[in-house]
Amino acid sequence: MFKEVLETTQPIVYQTLTNALESEHLSHCYLFVGDKGTHKLETSFLLAQSIICENRKTFACEKCVNCRRIQENNYADLIYIDEDDKNIKTKLIENLQHRFEKTALEKAGKKVFIINNCEKLTTKAANSLLKFIEEPTGNTTGIFITTQVDGVLPTIVSRSQTLNFKPLNKEDFFSYAIEKNIDHLSAHLISNLVSREVDIIPLSKNKSFNEAVEIFCEFMDRFFVNRTDSYFYLQNSIANNKRNQRDVIKYFLDVSLLFIEDYLNNFNSEDKNYFNLLETAKNSDFNYSGVMKAFIDSRTSLNKAANGLLLIDQLIYKLLEV
Ligand SMILES: [Zn+2]
């Protein structure tokens, strides 16, 4: 089953979708970003199945008639468009508006559209989608897929929940970063966060990223000694960081989630401090799933959150309950 593959290859994406499906708080629009071969397309079909399947337990059963029809792209309320496929493009885009306005044809009453390579959408095609993106209806879910988020229309980016799929060639990225004299910890974190080699050096020099790593290390150091103290520290350091607060929070959450992933994968870090943090986590009553859920919820809310500090307060509140 693909859901098991997703759980092991893209644990953060898996957990984010699990949270959304379990709480029935799916976004009306998703933007899947990542390199080729990172399972974005398979995940979009699994999500479509999970929205429609009547036998689902969190994720779709992947076996029933509807699941199989979706998998074969043979389900009337699934609109799948690949912008790389020139043959189907013109005809489908012309019909797109029409198909959106129609009520669902299948019994489940839910529609899903998947647009692969969405950075190639023409303005005309994108315009026919804008109405849906800006005024979502309850029964339609959109999934946009791209390898190049820079090329995606800003409206799509701002209205969608972005899910980043981890690069598969991160070992190459890591070696490249080490070659460029980036320290071991940053090289490890950066190679997991970027999807293109050209982004490695700029991120290593990014002020918000470096501040976030510093805050993360100090926070985690304190977290395993005195949790209350670590929460005060986090609140204060974010509050003191007014200029690039949102970016610092974003990187802090990204790095924290990577840490949990490394903990789950028994990652053996060459950075002494990071190695010790992982060892401490292994030997403590670290409730990784609760902590992971709290971080993922904050990461999900970050786009919509008006106030970064409030978001951190909510994160701490959730961590206190773990
Ligand atoms: Zn099913």
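This is a predicted model: local features need pLDDT of at least 70, side-chain atom pairs count only at pLDDT 80 or more; totals for chains, interfaces and linings use all residues.
**Helix packing and domain contact**

H13 covers residues 245-264 and H15 covers residues 288-301, and the two pack with their axes 10 Å apart at an angle of about 155°. Angles over 145 degrees count as roughly antiparallel, so H13 and H15 are roughly antiparallel to each other.

As for who meets whom, H13 brings Leu-253, Ser-256, Leu-257, Ile-260, Tyr-263 and Leu-264 to the contact. Facing them from H15 are Tyr-288, Val-291, Met-292, Phe-295, Ile-296, Ser-298 and Arg-299. Sorted by class, this contact of H13 with H15 comes to 10 nonpolar residues, 2 polar ones and 1 charged one.

Zooming out, the protein splits into domain 1, running over 2-164, and domain 2, running over 206-321. Their centres, taken over C-alpha atoms, sit 30 Å from each other. Where the domains touch, 6 residues of domain 1 are in contact with 9 residues of domain 2. On the domain 1 side, helix H2 (residues 11-23) supplies the largest share, with 5 residues. That side of domain 1 is made up of 4 polar and 2 nonpolar residues, with no charged ones.

Methods: Residues are numbered from 1 along each chain as its sequence is written. Axes are lines fitted to C-alpha atoms, for helices over the stretch in contact, and angles run from 0 to 180 degrees between N-to-C directions. Helices (H or I, at least four residues) and strands (E, at least two) are DSSP runs, numbered from the N terminus. Angles under 35 degrees count as roughly parallel, over 145 as roughly antiparallel, 65 to 115 as roughly perpendicular and the rest as oblique. Two residues are in contact if their C-beta atoms, placed from the backbone, lie within 7 Å. Ala, Val, Leu, Ile, Met, Phe, Trp, Tyr, Cys and Pro count as nonpolar, Asp, Glu, Lys and Arg as charged, and the others, Gly among them, as polar. Domain bounds come from an automatic or database domain assignment.
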